[in-house]
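Take a look at the model shown here. The report below starts at the ligand and then works through the strands and helices.

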Amino acid sequence: EERLKTTFESRAEKSSNAMSAKILRLVASKRTTLCVAADLSNTDKVLELANAVGPYICIFKTHVDALEDFSKKFVQELQQLAKVHNFLIMEDRKFGDIGHTASLQYGAGCFNIADWADLVTVHAIPGPGIIDGLINCLENSKSQLSDRACFIVAEMSSKDTLTTGSYLSAAIKLAETREDFVAGIVSQSATGISSPGLVQLTPGVRTISSQNGKERNGTSREDGLGQQYNSPDHVVLERGADIAVVGRGITEADSPSDAAKLYRDLLWKAYEERVAV
Ligand code: 5IU
């Protein structure tokens, strides 16, 4: 498939969304397609992780509603680390309500996500109104629309997910028709994605060795709560991942920094093999 054989540099030029172009250029210049998922419950731990993995990642993914001590100061410190290490911040909020409600959840409340998250995730289930809601929120905020974008959750990694068949193709179609605010897609395969600018983000990535022998079989492994894992090679070469999300494979490692470096190297090697540069 042509899109997958194209380098990040040339896809950035073909992109019709400013943030997807920014992501693709960042990935190309920093030579990393690694996104770390910071699923931790304490802000000091999140900041410590961001500082440790910062040099090796393109995106730092948060779940701020899982933090016991969220504060504005935490956000400022995270933004500072993003600047120092040159990564983007994605709040994996998975908005899923009507546009009006999503707009409030995005730009108001105690988290004020629109104020600090470069990227957010959005479920396709409500239809295009949710994208209009988020755009509407930005138009009434101090954040620039061109500095913000969303990723549409098209296909989940969890066992027996409902994101299949016509839902999956409709979610991809939604992303492709709304590149005014959509920078990419969260999915487990590239099937049906044709726009060169859309970035495929793929979670459920873990090497077999980092799972301490907990693997059930060679390629697809689980965590006991429905998460299913594939190897870095597999997601990039067989499933079209541009950016791979790694959470516990890194956060539970003895050295998150060494683990991030390893994942970065494995993923980049697979990307180079894919585009055969
Ligand atoms: N995540 C998934 N699967 C999905 C989507 C998001 O795992 O389909 I959409 C998130 C959940 C977690 C991270 O924040 O990606 C994966 O973490 P682990 O690598 O620890 O499983």
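The residues of the shell around the ligand divide by type into seven nonpolar, five polar and four charged. This comes from a predicted model. Of the 16 residues around the ligand, the nearest are M156, S157, P203, G247 and R248. Two elements, β10 (243–246) and α11 (248–251), each give at least two residues to this shell.

Now the barrel. Eight strands form a closed barrel in the order β1-β2-β3-β4-β5-β6-β7-β10, and their pairing is parallel. From one strand to the next, the twist averages 30°. In general, strands of a sheet pair through backbone hydrogen bonds, either parallel or antiparallel.

Look at one pair up close. Strands β4 (residues 119–123) and β5 (residues 149–153) run parallel and are joined by five bridges. Here T121 stands opposite F151 in β5. Helix α12 (residues 256–275) packs on the sheet, where α12 touches β1 (34–38) and β10.

Two angles between elements can be set side by side.

| Pair | Angle |
|---|---|
| α4 (residues 43–53) and α5 (residues 72–85) | roughly 5° |
| α12 (residues 256–275) and β1 (34–38) | about 145° |

How do α4 and α5 lie to each other? Their axes come within 10 Å and cross at roughly 5°. An angle under 35 degrees counts as roughly parallel, so α4 and α5 are roughly parallel to each other. On the α4 side, T43, L47, A50 and N51 make the contact; they meet F74, E77, L78 and L81 in α5. The residues of this contact divide into five nonpolar, two polar and one charged.

Note on methods:
Residues are numbered from 1 along each chain as its sequence is written. This is a predicted model: local features need pLDDT of at least 70, side-chain atom pairs count only at pLDDT 80 or more; totals for chains, interfaces and linings use all residues. Axes are lines fitted to C-alpha atoms, for helices over the stretch in contact, and angles run from 0 to 180 degrees between N-to-C directions. Helices (H or I, at least four residues) and strands (E, at least two) are DSSP runs, numbered from the N terminus. Angles under 35 degrees count as roughly parallel, over 145 as roughly antiparallel, 65 to 115 as roughly perpendicular and the rest as oblique. Two residues are in contact if their C-beta atoms, placed from the backbone, lie within 7 Å. Ala, Val, Leu, Ile, Met, Phe, Trp, Tyr, Cys and Pro count as nonpolar, Asp, Glu, Lys and Arg as charged, and the others, Gly among them, as polar. A residue is near a molecule or strand if its C-beta atom, placed from the backbone, lies within 6 Å of it. Two strands pair if DSSP finds at least two bridges between them.
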